[in-house]
Amino acid sequence: MSKTAKKFVCIHGHFYQPPRENAWLETIESQPSAAPFHDWNERINFECYAPNAVARVLNDEQRITSIANNYARISFNFGPTLLSWLEANDPTTYQRILQADLDSRERFGGHGSAVAQVYNHLIMPLANERDRYTQIRWGIADFERRFNRRPEGMWLAETAADTATLLAMKKQGIKYTILAPRQGRSVRKAGEEHWHDIHEGNLNTRRAYRCPLPDGEHIDVFFYDGMVSRAVAFEGLLNDGRFLADKLINSLEHESDEVQLANIATDGESYGHHHKKGEMALASCLNHIDDHPDFELTNYGEFLELHPPQYECRIHDNSSWSCVHGVERWRSNCGCHTGGEAGWNQSWRGPLREALDFVREKGIQLFEDRGAEVLNDPWAARNDYIDLVLERSPENVSAFVASHFQRETVSDDDLTLGLRLLEMQRHAMLMYTSCGWFFNEVSGIETLQILQYALRALHLIEVISGEDHTAAFEKLLEQTPSNKDANAAVSYRHHVKPAKVGLKRVAMHFAAASLFEEEPEEVELFTYRGASQEFERLRAGSQRLAIGRTTIQNSLTFSESTYSFVCLYLGQQNVIGYLTKEDLPLEYAAVEEELSQRFRQSELAYMLHGMRKYFGDDSFSIYHLFHDEKAAILEMITQQSLDRAAQSFSDVYYDNYQLMSSMRENQLRLPRAYVSTIAFTMQRRVYEALTASVLDLRRLSRIEADFLHWGHEWSPETKDQLELYAEERVYEEIMLLTDNPFRDTVVLSLLSFLKAVGLEPNLWKSQNVFVRYLEGLEETEIEGKDQIAELLGVAKLPLSA
């Protein structure tokens, strides 16, 4: 279709997750509420971000005919912190997102569909001037590093906008943004003198607008269609992609000769996370519009080039898409919330912001005072610090130091001071991430996350200045109400303060983990490095001894300390350790020799006395390990007991198999112990079969026969866990099939087994591989693949739409 079309459609997805990383370790620790996944990023990626890059397209028989990258045909923005996570944890999906922007430039006249975002999703009208500038600067820099081009547009967190923010974006080269219809205040045709007041119901969202700004500047604005966007997010419009396509098409005036744009904007998570298989509905919608002779898909950049705004607009300052009261949702008990119990309120929002403002102001004063000692211009250094956040290679650090530090030769102390100040400022912005105020309760995980960033900022302030402001901060939290606890300080003390990490805590973790690590001498632990000058590990039966001296370094600030440690494992979860920064009372070699000898001779009482004598009173246990590593080691220890338990259950199961069968045939109720034995044994057998190095088809057949014999039903938790293993095993076998077409029987037997035992894994990854595999086969090579296609839900061969 030519570019002379007059009816266009643009779908925008705002893909975002709040930062979830531990503020000290820079990694996401396990989140039980996301089970069976490790954390919410992992879960939502599986349900939404990854599937949208390889969306399955169905025919009228609801079978897969092709695979589409949705991102290439829509407008989208990804939160920079989310893209950082994807780059590290799902590089395949990350690359597909980048490729989608390249493909969209080919499709849309050189205009990429990716849109930048203010860096960490803070509410811009509530930010101070410096934070506003830095958020835009960092968002642009992150975008350029990933997409290799300047962004044309920028998404504002919660579309929260004011004139100052629009002007700041324009001054940094942003051409347009996307707002909610209720954010428009008045409009006029270009050249007219008088403005016409508007409201959400009578704003024409089918055109672009030019928004005049102070200093003679302007920025272009798209107001999305609020009614259709709400229907996508909340009214089931994604139940069928054709419904969405028809809704968009019918939102335009068919008899009008004017150029019109149907455009919607929603959380991108609508397409797969909030609405199951929403990515497939989106793919279907895009195909339906692509096939329509009178409508053309576009993105905002292309539309602006083809049809520059003929109308001007003014906006309501301090307005947003998710609060009808403007931006009060992020500073007051305005009435906007996400539910909760009767009587709950959000009167905590204002006091929470005041507490964070206290941290910010303390940080500003220190940053300017101490920053002037080592940095040419502290605020210019902060603006450019994104270059290090994105890549902390030695070359990048050297370039940054050369640009922003005062002296040609920078001492280790000055380098650490400067980087600590910049890290303090980074966390002072992260603590304003909007999600901390969005939900209904101050003790929710989103609010606890921003409080962790605040504590990290306070920690750095204390390390730099020696001034401890945490007591004053906690007093402010005590004045912040909670719907669940006496006040916000309760959940802060219980959940946030224990997350605090320093070099000493890392050394304790290193020492305890060294009992179990295969190569503990050199360890990379998130944002820390451990390097041993001395290390010895001994083992006697189930007991272990580790003794050593190690230097722990923070890889962000280059601060470091050296510790001597000794750690004793007595079996089960029993770990006793001591460490010190002080010099040992004897030479290290003499201490190591004495304690090693005591251990070999099983003189534990003397040994424990010696540990404390030489290393002091600073003790630690396995519970000083960081959460995920502690869980892994405890699971390893537990697995040894479970193996013995599994053997016991197996003995009971097979010794009583005939008895249990006889009782069942005679319709006698099995004792609870037997029911538990069957459940445990069936789960264990399926798990072992699915995770075995080689899939044993006869083993699957025996398990299936027993499953049907007992009429077994999985508990929801067990079913979820087994389906994850099944999903990975099917994917593995499909990948092997693409290299060896004679493995048909294996794949078919596995799929048939899963169906028989009531497991329904999400097979989108396997389906996508299989469809592409079939597309590469000759017609003579596809014989025998029909049954696999049937069980995978792929269109019958040959493929046809």
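# Questions on a predicted model

Colleague: Leaving aside its neighbours within four places in sequence, which residues is Thr 159 in contact with?

Modeller: The neighbours within four places are set aside, and the contacts of Thr 159 are then Ile 178, Leu 179, Ala 180, Gln 183, Ser 319, Ser 320 and Trp 321. The model is a predicted one. One of these contacts, Ala 180, is 21 residues from Thr 159 in sequence, and their C-alpha atoms are 7.1 Å apart. Asked for by name, the residues in contact with Thr 159 are Ile 178, Leu 179, Ala 180, Gln 183, Ser 319, Ser 320 and Trp 321.

Colleague: Is Thr 159 buried or exposed?

Modeller: Thr 159 sits in the loop between strand E6 (154–155) and helix H5 (163–171). Buried means under 20% relative accessible area. The relative accessible area of Thr 159 is 0%, so Thr 159 is buried.

Colleague: Is Asn 41 buried or exposed?

Modeller: Asn 41 belongs to helix H1 (residues 40–53). Residues up to four places away in sequence aside, Asn 41 touches Gln 17, Arg 20, Ile 28, Leu 82 and Trp 85. Its relative accessibility is 3%, so Asn 41 counts as buried.

Colleague: How far apart in space are Asn 41 and Ile 28, C-alpha to C-alpha?

Modeller: Ile 28 is among the residues that Asn 41 touches. In sequence, Asn 41 and Ile 28 are 13 residues apart. In space, C-alpha to C-alpha, the distance is 8.8 Å.

Colleague: What is omega for the peptide bond that joins Ala 35 and Pro 36?

Modeller: Pro 36 is placed in the loop between strand E1 (7–15) and H1. The bond joining Ala 35 and Pro 36 is cis, with omega at about 10 degrees.

Colleague: Is Ser 602 buried, partly exposed or exposed?

Modeller: Ser 602 lies in the loop between helix H20 (588–600) and helix H21 (604–615). Its phi is near 60 degrees, a positive value in a residue other than glycine. Exposed means over 50% relative accessible area. Ser 602 has 55% relative accessibility and therefore counts as exposed.

Colleague: What is the phi of Phe 558?

Modeller: The loop between strand E17 (543–554) and strand E18 (560–569) holds Phe 558. Phe 558 is partly exposed, with a relative accessible area of 25%. Phe 558 is not a glycine, and yet its phi is positive, at about 65 degrees.

Colleague: Why do the buried residues of H17 line one face of the helix?

Modeller: The buried residues of helix H17 (residues 470–478) are Thr 470, Phe 473, Glu 474 and Leu 477. Seen down the axis of H17, these buried residues line one face of the helix because they fall within an arc of 100 degrees.

Colleague: Which helices are included in what covers the buried residues of H17?

Modeller: Phe 473 is one of the buried residues of H17. The cover over the buried residues of H17 includes helix H10 (349–374), helix H16 (445–465) and helix H18 (488–496).

Colleague: What is the volume of the largest cavity?

Modeller: There are six cavities of 30 Å³ or more. The largest is lined by 13 residues, and Phe 78, Leu 83, Val 115, Phe 143 and Phe 147 lie nearest its centre. The lining divides into nine nonpolar, three polar and one charged. The volume of the largest cavity is about 80 Å³.

Colleague: How many charged residues are in the lining of the second largest cavity?

Modeller: The second largest cavity holds about 50 Å³ of space. Its lining includes Asp 131, Arg 353 and Arg 360. By class, the lining has five nonpolar residues and one polar, and the charged residues number three.

Methods
Residues numbered from 1 in each chain as written. Predicted model: local features only at pLDDT ≥ 70, side-chain atom pairs only at ≥ 80, totals over all residues. Heavy atoms only, no water. Buried < 20%, exposed > 50% of the residue type's maximum accessible area, 1.4 Å probe, protein only. Helix = DSSP H or I, 4+ residues; strand = E, 2+ residues; numbered from the N terminus. Arc of directions from axis to C-beta. Contact = heavy atoms within 4.5 Å. 1 Å grid on protein atoms, 1.4 Å probe; cavity = no way out; pocket = protein on both sides within 12 Å on 5 of 7 lines; lining within 4 Å. Points joined across faces, edges and corners; volume = space filled by probe spheres on them. Nonpolar A, V, L, I, M, F, W, Y, C, P; charged D, E, K, R; others polar.
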